[in-house]
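This report covers strand pairing and aromatic contacts in one protein model. The sequence and structure come before the details.

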Amino acid sequence: MIRIAVVLAAVAAPASAQATINYEFGKSLPLAVGQWSYVATATGGEARFGNHLSLRCDKPTRTVTISRPATPVAALTVVTDMQTRTIAPNGRLSAYDPLLDAMAFSRGRILVSGGSAVVLAVPSWPEVARAIEDCRI
């Protein structure tokens with residue numbers, strides 16, 4: 001009886017308890033449904049994975065903002081095959097931050113978690129690198 005309660009407690013744990021995600025764990029997650037798109041903006045460019053994830057370049061400040069538009073503002077943990085890091089709720093990074101390179105060159109997928117949202121696994125496509133590069137040139 002105690003074993004069943006422990007198993008149920010583990011299953012019912014909120015997604016935010018998965019803050020210790022790693023790339024190996026993420027390889028077992030299905031990729032989110034959707035695809036990347038890129039659009040040039042007045043201040044740089046933006047890569048979007050549907051309404052799940054956004055990387056927005058602000059060329060005047062040489063920063064890239066990573067956000068999950070459909071979720072409440074929270075610190076995000078970004079996981080690639082080379083790096084895992086939690087970033088501030090505003091998601092703003094220098095265009096030359098090594099985490100952005102890790103995202104651009106991640107093997108196959110990028111994982112993002114934060115707040116009460118489920119862990120998001122998205123494919124690593126060229127649109128990510130393009131939005132980042134917009135802020136560097």
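The text below takes the sheet, then the aromatic rings.

This is a predicted model, in which local features need pLDDT of at least 70, side-chain atom pairs count only at pLDDT 80 or more, and totals for chains, interfaces and linings use all residues. Residues are numbered from 1 along each chain as its sequence is written, and side-chain values use heavy atoms, with hydrogens and water left out.

Strands are DSSP runs of E with at least two residues, numbered from the N terminus, and two strands pair if DSSP finds at least two bridges between them. An open sheet is formed by five strands, ordered S1-S2-S3-S4-S7, with antiparallel pairing. Strand S1 (36–41) and strand S7 (92–94) are its edges, each pairing on one side only. From one strand to the next the twist averages 20 degrees, with axes fitted as lines to C-alpha atoms and angles running from 0 to 180 degrees between N-to-C directions.

Within the sheet, S3 (residues 53–58) pairs with S4 (residues 63–67) in the antiparallel sense over five bridges. Asp-58 has Thr-63 in S4 as its bridge partner.

Rings of Phe, Tyr and Trp (its six-membered ring) pair if their centres lie within 6.5 Å; planes under 30 degrees apart count as stacked, over 60 as edge-to-face and the rest as tilted. The count is one aromatic pair. The ring centres of Trp-36 and Phe-49 are 5.5 Å apart and the planes lie at 70 degrees, so the pair is edge-to-face. It links distant parts of the chain, 13 residues apart: Trp-36 is in strand S1 and Phe-49 in strand S2 (residues 44–49).

Accessibility of both residues is tabulated here, where buried means under 20% relative accessible area, exposed over 50% and partly exposed in between (1.4 Å probe, protein chains only).

| Residue | Relative accessibility | Class |
|---|---|---|
| Trp-36 | 4% | buried |
| Phe-49 | 0% | buried |

Key. Helix = DSSP H or I, 4+ residues; strand = E, 2+ residues; numbered from the N terminus.
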